[in-house]
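Dear colleague,

Here is the structure I said I would pass on. My notes follow below it.

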Amino acid sequence: MTDAVAIGLGSMIGAGIFASFAPAAAAAGAGLLIGLAIAAVVAYCNATSSAQLAAVYPTSGGTYVYGRERLGQWPGFLAGWAFLIGKTASCAAMALAFAAYAAPAGWGKPVAVVAVLALAAVNYFGVTRTAGLTRIIVVLVLLALTVVVAVGLSSGNRLDSNLSTGLFAEGWYGILQSAGLLFFAFAGYARLATMGEEVKDPTRTIPRAIVTALLIVLVVYALVAMTALLTLGPGRLAASAAPLLDVVTAAGSAWAAPIVRVGAAAATLGALLALVAGVGRTALAMARHGDLPAPLAAVHPTYQVPHRAEITLALIVSVLVLTIDLRGAIGFSSFGVLLYYFVANVAAFTQARPDRRYPKALQVLGALGCLLLVATLPAMSITVGIAVIGLGIAYRLVLLRRRSARGDEVT
């Protein structure tokens, strides 16, 4: 149980907390605290659905596979495509967040591109985020967050009046939009759902580990969010490119800034390394099933990585880094990932009683929560997301038509 919770914490407490509070504050002001709780509830429902599915389909590909097996090839494709676009945007967000904390003024985008290309090169040679590296990153991140909270709350600049506008000043629409954006900060919780072969008594251990890890993460995030709001206020927090760094700077603690920079750099680079590998594996699975171009299914004979998929990803992410900002990347990422988990919840809902670990009510709540948060994301994120989903559908329709013309089997 303790090890499972530690893995969950290592998967969730990371880069998202350094970047997502600013766009959430822009949407909801102090109401982002309620949005944070809503995001945690949706993440819990999604994690339980993924755990229930992973117990029956212990294979690479995640909801792309679950959707194909439970709902059909089209839902599986949509889940896989949504995952690819969402996590590709996450890669861009992580690179931009790294640059916001680590790069000199005016060098943000070039440094972000260098980070993407460097980590893609590292991953190309089979170097991934190991359990040991994850533990180091978690320690650095927790140290940085502890410093932020301690410095911020002890500062003479802390003003309770920064919360005087109230939690509901921006209304429920703003709160729900902040929840969709803060969902980005819980990325990684699905790692808990795939530990069935790694823990004793998974039927009992995994549900308890999911609840415990999410509650701990929620408390940590809430403390950091309160500190940022009290120190900077909703307006300054919303305008900040590196909010946690600005907290310690506003508190006048010059010694704390390097600690926060190191913690943010470790978290963002570690997340980016894991994302490159995860997106590459999903692209590999989709290419093998014919849902992406066949060359992306190539695996390097020496390093055993989907090298073509990862090179393609690095180039696309580099373009995104140069053309969008951090807030746009977070919104677009949440759009894709929430749709991905919508399919996961629907797929888990269809499972028969012998394969069920959780009540259907959780899958219904998770599916409705995903749709609600998607619908309240920033308009640009929704518009671009729908357009890219449409491109994926059009690509697959053309592919199926070509197969049909050749006389291949079409499902």
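The buried residues of helix 15 are Leu362, Gln363, Gly366, Ala367, Gly369, Cys370, Leu373 and Val374 (buried: under 20% relative accessible area; exposed: over 50%; partly exposed in between; 1.4 Å probe, protein chains only). Viewed along the axis of helix 15, these buried residues fall within an arc of 165 degrees, so they line one face of the helix; the arc is that of the directions from the helix axis to the C-beta atoms. Exposed residues Ala361 and Leu368 sit on the face of helix 15 turned away from its buried side.

This is a predicted model: local features need pLDDT of at least 70, side-chain atom pairs count only at pLDDT 80 or more, and totals for chains, interfaces and linings use all residues. Residues are numbered from 1 along each chain as its sequence is written, and side-chain values use heavy atoms, with hydrogens and water left out.

The cover over the buried residues of helix 15 includes helix 4 (32–56), helix 9 (171–182), helix 14 (326–349) and helix 16 (379–406). Helices are DSSP runs (H or I, at least four residues), numbered from the N terminus.

Serine 90 lies in helix 6 (residues 73–102) and is buried, with a relative accessible area of 4%. Leaving aside residues up to four places away in sequence, serine 90 touches Phe184, Leu275 and Ser333 (contact: heavy atoms within 4.5 Å).

On confidence, the chain averages a pLDDT of 88, and 90% of the residues score at least 70 (pLDDT: the predictor's confidence in each residue, from 0 to 100). Confidence is lowest in helix 1 (residues 2–12), at a mean of 71, and highest in helix 15, at 97.

Regards

Terms used. Helices (H or I, at least four residues) and strands (E, at least two) are DSSP runs, numbered from the N terminus.
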